[in-house]
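Please look at the sequence and the structure shown here before reading on. The briefing after them goes through a few features, grouped by topic.

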Amino acid sequence: LWPVYLLVFSTVLMQTGLGAIDPLLMTEQWGYSKQDMGTNIFVGGMINLLVVIPLVGLIADRMDRLKMFSIGVVGVLVGQIAYYVFVQFVLPDRRPSIAQMIFFGQLMSAVGQFSTIAMQPLIYDYIPRDKMGTAQAGLNFVRSITRLLTLNGIGLWVTMY
């Protein structure tokens, strides 16, 4: 079941983000209000619901799942790096606007949806029917440990930085 655990590990790394530190970045460092955060989440959610998910669903039926998953994982990595470079080196005040946050958020969300939609059926391609219970226990273990390590690692990095 190692290929399945690697799929789940890479997906959790993709979805973790900054965790609880993300609201602090927006409010304390960039100076946005909680209303601005809500606007960002609402607009992004509506775009996801009405545009991104149906479009990715149409593409999912016409593409190889492993290729689709790989494109998604690499795409999120490239998107995260591009957003970091954009904020750190392109913006003069290192403060993205709400529109820029929505744009990059939607870009990464679309690519993340691409891989997430491909992952679930891909898992069942690798798991024999009689190992589903064992596999699910292992998947939950890998998800939990990965989240624990990454979120605490982010907290330690911010504390030491």
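**Briefing**

At 36% relative accessibility, Val85 counts as partly exposed, because that class lies between buried, under 20% relative accessible area, and exposed, over 50%, with a 1.4 Å probe and protein chains only. This is a predicted model, in which local features need pLDDT of at least 70 and side-chain atom pairs count only at pLDDT 80 or more, while totals for chains, interfaces and linings use all residues. Residues are numbered from 1 along each chain as its sequence is written, and side-chain values use heavy atoms, with hydrogens and water left out.

**The surface patch**

- Val85 belongs to helix α4, residues 65–90, where helices are DSSP runs (H or I, at least four residues) numbered from the N terminus.
- Together with Leu77, Ile81, Tyr84, Phe89 and Val90, Val85 makes a nonpolar surface patch of about 630 Å²; such a patch joins nonpolar side chains (Val, Leu, Ile, Met, Phe, Trp, Tyr) within 5 Å, from residues with over 30% relative accessible area and no salt bridge.

- Two packed helices are described by the angle between their axes and the distance between the axes.
- The axes of α4 and helix α5 (residues 98–126) come within 8 Å and cross at roughly 155 degrees, the axes being lines fitted to C-alpha atoms over the stretch in contact, with angles from 0 to 180 degrees between N-to-C directions.
- The two helices α4 and α5 are therefore roughly antiparallel to each other, a term used for angles over 145 degrees.
- In the loop between α4 and α5 lies Arg94, whose phi is near 55 degrees, a positive value in a residue other than glycine.
- Arg94 counts as partly exposed, at 45% relative accessibility.

**The salt bridge**

- A search of the whole structure finds 1 salt bridge, meaning a side-chain nitrogen of Lys or Arg within 4 Å of a carboxyl oxygen of Asp or Glu.
- Arg65 forms a salt bridge with Asp125, and their closest N and O atoms are 2.7 Å apart.
- This pair links distant parts of the chain, since Arg65 is in helix α4 and Asp125 is in helix α5, 60 residues apart.
- Arg65 is partly exposed at 33% relative accessibility, and Asp125 is partly exposed too, with a relative accessible area of 47%.

**A buried methionine**

- Met26 is placed in helix α2, residues 21–29, and is buried, with a relative accessible area of 6%.
- From C-alpha to C-alpha, Met26 and Tyr126 are 40 Å apart in space, and they are 100 residues apart in sequence.

Conventions
Patch = residues over 30% accessible without salt bridge, like charges linked within 9 Å, V, L, I, M, F, W, Y side chains within 5 Å. Areas by Shrake-Rupley, 256 points an atom, 1.4 Å probe, with all protein chains shown as cover. Parallel < 35°, antiparallel > 145°, perpendicular 65-115°, else oblique.
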